[in-house]
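Notebook open. I want to look at some ring pairs and at one pair of packed helices.

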Amino acid sequence: METAQQAESSLNHAGSSDASESNSSNYVAHVKKLLYRPMLVGIKDGRFFIGSFYCMDKQGNIILQDAVEYRSTRRSSPSPMEHRGVGLILIPFSCRTSCHVDCAIEEQLSLLSLQEKKS
Amino acid sequence: MSMAEKIEAERGRAVEVSISPSIPSGEGTVWADVSSLLRLACNDLRDDELINGENFNLFAAMSALEIMDPKMDSGIVSTYYSIDEAIENGAAPVPLSFDRTLDVQRIIDIMDHLLSCEATWHKGGSLAQTVFSSIYLMRPERTSSHALLHSYCRVIRATCNAVVSAVSDARTNEEEDLFTMTYGLPLKSEGDDKCLSMLHAVEETISRQLRACKAPTSKKRVLEDIEPLQNNFDLEEGFCKALLCRLRFRKHFYHVLTCMRRPQGKGLELAKKHIISCLAELDSILQSGEFLRSNNAHGTLEEGIEDKTTASGCQPIGFDSTLNSRSATPTPPRAIKLFSWKKAVDYFQKLLHDLEILCSYSLDPVFENVLRFVVDFQKFQPDMVARALVQLLLVQDGRLYGRDPMFAVICKAALLPDEAKNNDIQKSITVPQLEQLAINLLRVLCTNTSWQRRKLGKILQDWRIIYVQLELAFRKEHGDISRPSVDENLCMKICKHILIWVEEKTYWIASRFLTLGFELDLYSPSEYCMAYWYMYVILMKLAEKTHIKMMMSNETSRRKTKKKRDFVKDMGKDHQIPPAVLLFQCYIYVVEGLMLMLAALRNEHKVFLCLGPFNSEHGRFIQHFELLQKACLPDHVSYFSFRETTTHARFSTLSVYNCFKDAQRIAKELRDSFANDPDRIAELRRIEQVAEHNGIALNLICRLGTLDPSLKVSFEFTHHPYLAVAVVKRS
């Protein structure tokens, strides 16, 4: 996708959620596997937040832990970015414009196929 | 592709561009888009279900800052992404307009708005969101081509810097730590130290322009080389005057701050002169309002000037409080309501009046008088800046006013003869601790009253401990027989005097602690009885210790003058109770009367009882007076002593023994003793009024109370800050 990096995945992620809840969907199980991974969320006013994925509810509101806020210094991109730590934050679904997770390329492909199955 | 899709795609690309260079993913990993996966998962979630890990804590999650909530998110991008972007978009042009009349008009608006910002900052706003919401202030180099704007920005920065350093040096801002936060703000720009000479030059130019436009036409020719301030001749005088008073106010205010910081109060005289000038300029600033409003083309009269931050009523140019809100802290931004221009002027008038009181202070070397001065000063409810300056005046380099060594001050306060202050006893390790306690006491008295009360309660224990330590140390010292006997005598005396003084001060602190409870409105009417009971107990002790201290010093002075006729005279004097003690007696009668009246109302009329589902009366007693109890003030006094004193109070006995009458009598007698002290006379008058009103109320309740159950009694603080007055009404 954006930057095709060929290096081996160093991310050895063991699924933190056991599949004990048999009735929960495949998608929910997958999202559970993303918990505590670095997540990059873009919001309406142009800022980005990176933090560890902590929680999501039915409405799609996301809580990030130890988040860092990034914002550009100019409206016209590209421009240098400023950043600062903001800690524990809640990003309401209504202002979220993008959402990415840090993962190995193989995993990215499997995530893509998962999403394509539905659509 | 539909238009919407196109926009979506465009946005996606923009995001990619800005992410990849600045926000790298982990090593060997990529940012994978999971938006649709999240959407699908959300569809499958039950309503109350969350996706979360094992250590998830809903309570902790509640403290998350909500992004895009204006009350929580300090980073919301409003108009501009950065100051530089704002400047590029012409948000803060230099000059403000190429039309010179408009330029002057807009600069005056900036000056006025900055005054509103400054007042708001003094009253608790953050510097970043108030004064430094000005883009001009944030970029000092940009204004250099505009002498008027540049000099004004400089003096503002220098003034803020002086205020920040005063407040942080004094540390009176424990509660308001927002005040001194200046991260990332250009508070000290190069050349700001020379702000006064620049300001002076600008002032000179404008006063010449003012003279030129006022000169009769015959003289005009001579003055023709002077370029006018702006283009409209009819407005020249008004604008010159409006600018001059604003510039001069800044100059004098800066002088006030620097003069007041001079060591040993040496700048107070000069500071007072500048204060008077400041107040005069503020009056002129107020007067200029009418002229400026009349020139406001947009006309804001219908909207009212009351909420405006400028005299003209125009919105000032070059301010954006959102640009800086991030630089201060990631914590939620505080909603800031700026003072209006009128309120800002009022604020500065009040501040200057408070500072004027301070500058008129005589630097009294007697510790007790210093305490009284600070307590009286606090009655004006000075703001943080004034309180910081008081403290910096009182305590400098560990000395009183930076002048008197604390041991000498303590000796004088303990009514010891002059030679005591040179005694070796001060080398005892406990004495410096006592000196430190005395300094701390002064510092605490300069803080805001709620903080002060908590602190006073806590330092009581230190004063109790130092008493024991001093006693031990003195005993040890005294056991040393190698000293010559004369010195030994003096030593003994110093020990005795200082010990009694320490006790007296401890009870003074306790009484201040109790009275502040009333001033801060911490007691409910059902708790007044116990509060007055405690005041009664403490004041009795305070009066006793003060009396002993004074008798001890009389004894000393009498022994010194060994002439017989003086001796006889003094004998007579000794039997008289000193006025200071009588004044305490006066308070004691009033609080005793109030306590007994409240107790009788509780016992006989079943009102003002401590009922309620949450706390027992004992519980409330502990809540209010735990710190006094911990310090054993006085010894062997507890909730049960309070119950014991008050359970038997009845109106039938109160009417015979009327404390209020005694209080009134003593207050009248004391008038002569304090004839030279107008503050004390005023206080006596207040006590008399309280006693008189309460005496009448008491009689009324005694006579009618049992006959008329519709009688309602309430307590109000209409005559005195902590001595209540009973009001009897028929419901």
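For my notes on rings: I count Phe, Tyr and Trp rings as a pair if their centres lie within 6.5 Å. The model I am looking at is predicted.

I find F621(B) in helix α23 (residues 617–630) of chain B and Y639(B) in helix α24 (residues 639–646) of chain B, 18 residues apart. Buried or exposed, I asked of F621(B)? F621(B) is buried, at a relative accessible area of 0%. Y639(B) also counts as buried, with 9% relative accessibility.

F621(B) pairs with F642(B) too, with centres 6.2 Å apart and planes at 15°, so I call that one stacked. F642(B) lies in α24 of chain B, 21 residues from F621(B), and is buried at 0% relative accessibility. I see these residues again in one aromatic cluster, whose members include F621(B), Y639(B), F642(B), W533(B) and F717(B).

Entry two, helix packing. I checked α22 (residues 579–605) and α27 (residues 678–704), both of chain B; their axes come within 11 Å and cross at roughly 25°. An angle under 35 degrees counts as roughly parallel, so I note α22(B) as roughly parallel to α27(B). The crossing is left-handed. Among the contact residues I listed L583(B) and V590(B) from α22(B), and L684(B) and I687(B) from α27(B). By class, I count 12 nonpolar, 2 polar and 2 charged residues in this contact.

Conventions. Residues numbered from 1 in each chain as written. Chains lettered and ligands numbered in written order. Predicted model: local features only at pLDDT ≥ 70, side-chain atom pairs only at ≥ 80, totals over all residues. Heavy atoms only, no water. Axes fitted to C-alpha atoms, helices over the stretch in contact; angles between N-to-C directions. Helix = DSSP H or I, 4+ residues; strand = E, 2+ residues; numbered from the N terminus. Parallel < 35°, antiparallel > 145°, perpendicular 65-115°, else oblique. Left-handed = near helix turned anticlockwise from the far one by under 90°. Contact = heavy atoms within 4.5 Å. Nonpolar A, V, L, I, M, F, W, Y, C, P; charged D, E, K, R; others polar. Buried < 20%, exposed > 50% of the residue type's maximum accessible area, 1.4 Å probe, protein only. Phe/Tyr/Trp six-rings, centres within 6.5 Å; stacked < 30°, edge-to-face > 60°.
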